[in-house]
Protein chains: 2
Amino acid sequence: MGSESCSVVFDLDGTLVDSVYQHVLSWQEALEKQGIKLSVWRIHRKIGMSGGLFAQALLRETGTAFDSAAAARLQQSHLEAYRRRLQQVRPLPGAKQLLAYLTKAGLSWAIATSGPRESAGPTLEVLGVSSGVVVVTRDEVTHAKPNPDLFLEAMRRLGATATNTVVVGDSIWDLLASRRAGAIGVGLLSGGYGREELEKAGAYRVYDDPADLLLHLDELGIRISSPS
Amino acid sequence: MGSESCSVVFDLDGTLVDSVYQHVLSWQEALEKQGIKLSVWRIHRKIGMSGGLFAQALLRETGTAFDSAAAARLQQSHLEAYRRRLQQVRPLPGAKQLLAYLTKAGLSWAIATSGPRESAGPTLEVLGVSSGVVVVTRDEVTHAKPNPDLFLEAMRRLGATATNTVVVGDSIWDLLASRRAGAIGVGLLSGGYGREELEKAGAYRVYDDPADLLLHLDELGIRISSPS
């Protein structure tokens, strides 16, 4: 880390909002509508990766190829299925407190998600982020995670450098993308991955959830000069 | 392994049937009805453990104590919520083929689940097991997993010894219970745990799902004398 203060870039689903399992079952429902059967745990491990790579994985695992019209239909069915499950989606413990603490301490932070704006919107509402917050969604970059584009764009908007940025995510796609962006990656168990999966993908530290991270900011080298 | 042929005892949810994520969200719904908020990943990691231990974990993590009436209400709400999600529950890839193969090869096998008969019933229907199959449910033993009772009772009914039994499960509770029963434990990723979590809990091998296990029976020392 350089001498200026740190920035933090957060993933959204499974990192700040407890929405992964609802997304997983919504994808299962959408895939079945197109005649594709895929075990739920395999869908879980693909949440947060780019749609293009997801389609490549589907081709390998199920033999089904997707043209852009089929991909758009799939996206639309998923969105409908997810909206039906939204009432069960909650902010993760400590998420609001962590963001409020960082803001109060004068550290800059942003949210960067592989989801398109349409699907990230309702989830951001659950979290209750104000309009001034930097949020980068799928639509705003060329490639989603595990490419570094989303995190690099978030850093650009924050005026942050990679060496002074901590990326926090719950999936291996977040951690791969953070490595490619040159930032320190931190994993959270709140998306349902195992600790070792996240460590193997490059997590410098793994915490339970945002509440647990808030208790350990010092371990990340995040200096709070005047926390109030 | 002794010189007689092997027996196999399977867990049900996440091991033979793709039902874990539906159970997880059903528990979340049931807990919220009683005013208890628990992150979904924490519920996931408790699926398959005994209800009594689940209640102890809830007391530690949420501060809520359960009397037997509250526990019964919780169980009932979960069952209702799970029934609504049953239409999305499928057998895991290879599950039916694996069981049919073992039967054809003359090996004895059974199913042992921490779920009560009432909740296991619909899941067994999804799998389509015949009435002659040995199935041990929560109601039939003193303690559920990770106590060894369920697996020991299954072995007793099969006339099998622990040293000739392979236990197959997707959760760490299955693996702890298999160790306490003195049997070899094998893990499956199809319940959504990470590989290393299962290995650390004592899995001798970890496979993706029943289809992958069927391809590797030789690695478990399961001798098929006359497979047809």
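**The A–B interface and the sheets on either side**

Eight salt bridges are counted between chain B and chain A in this predicted model. One of these salt bridges brings together the side chains of Arg90(A) and Glu32(B), with a distance of 2.6 Å from N to O. The tally of polar contacts between chain B and chain A comes to 22 residue pairs, with both members at pLDDT 80 or more. On the side of chain B that touches chain A, helix 1 (20-33), helix 2 (40-44) and helix 9 (195-200) of chain B each contribute at least two residues. Helix 1 of chain B gives the largest share of that side, seven residues. Sorted by class, the side of chain B that touches chain A holds 13 charged, nine nonpolar and eight polar residues.

Chain A and chain B each bring 30 residues to it. Between them the two chains bury about 2500 Å², and carbon and sulfur atoms account for 47% of this area. Within chain B, the residues that lose the most area to chain A are Tyr21(B), Trp41(B) and Gln88(B), which together make up 28% of what that side buries.

Among the residues paired here is Gly169(A), whose bridge partner in strand 7 of chain A is Gly187(A).

Chain B has its own sheet to describe. Here six strands form an open sheet, ordered 5-4-1-6-7-8 and paired in parallel. Strand 5 (134-136) and strand 8 (205-207) of chain B stand at the edges with a single partner strand each, so one side of each has no neighbour in the sheet. From one strand to the next, the twist averages 25°. Three bridges pair strand 7 (residues 184-188) of chain B with strand 8 of chain B in the parallel sense. Within this pairing, Val186(B) has Arg205(B) as its bridge partner in strand 8 of chain B. Helix 8 (residues 172-181) of chain B lies across strand 6 (165-169) and strand 7 of chain B, and runs at about 170° to strand 7 of chain B.

A last point for anyone checking backbone torsions concerns the peptide bonds. Most peptide bonds are trans. In chain A, however, Lys145(A) and Pro146(A) are joined by a cis peptide bond, with omega about 15°. Pro146(A) sits in the loop between strand 5 and helix 7 (149-158) of chain A. In chain B, a cis peptide bond links Lys145(B) and Pro146(B), with omega about 10°. Pro146(B) is placed in the loop between strand 5 and helix 7 (149-158) of chain B.

Note on methods:
Residues are numbered from 1 along each chain as its sequence is written. Chains are lettered from A and ligands numbered from 1 in the order in which they are written. This is a predicted model: local features need pLDDT of at least 70, side-chain atom pairs count only at pLDDT 80 or more; totals for chains, interfaces and linings use all residues. Side-chain values use heavy atoms; hydrogens and water are left out. Two strands pair if DSSP finds at least two bridges between them. Helices (H or I, at least four residues) and strands (E, at least two) are DSSP runs, numbered from the N terminus. Contact means heavy atoms within 4.5 Å. Buried area is the accessible area (1.4 Å probe) that two parts lose on being put together, summed over both. A salt bridge is a side-chain nitrogen of Lys or Arg within 4 Å of a carboxyl oxygen of Asp or Glu. A polar contact is a pair of N or O atoms within 3.5 Å; within protein, one must be able to donate a hydrogen and the other to accept it, and residues adjacent in sequence count only if both atoms are side-chain atoms. Ala, Val, Leu, Ile, Met, Phe, Trp, Tyr, Cys and Pro count as nonpolar, Asp, Glu, Lys and Arg as charged, and the others, Gly among them, as polar. Axes are lines fitted to C-alpha atoms, for helices over the stretch in contact, and angles run from 0 to 180 degrees between N-to-C directions.
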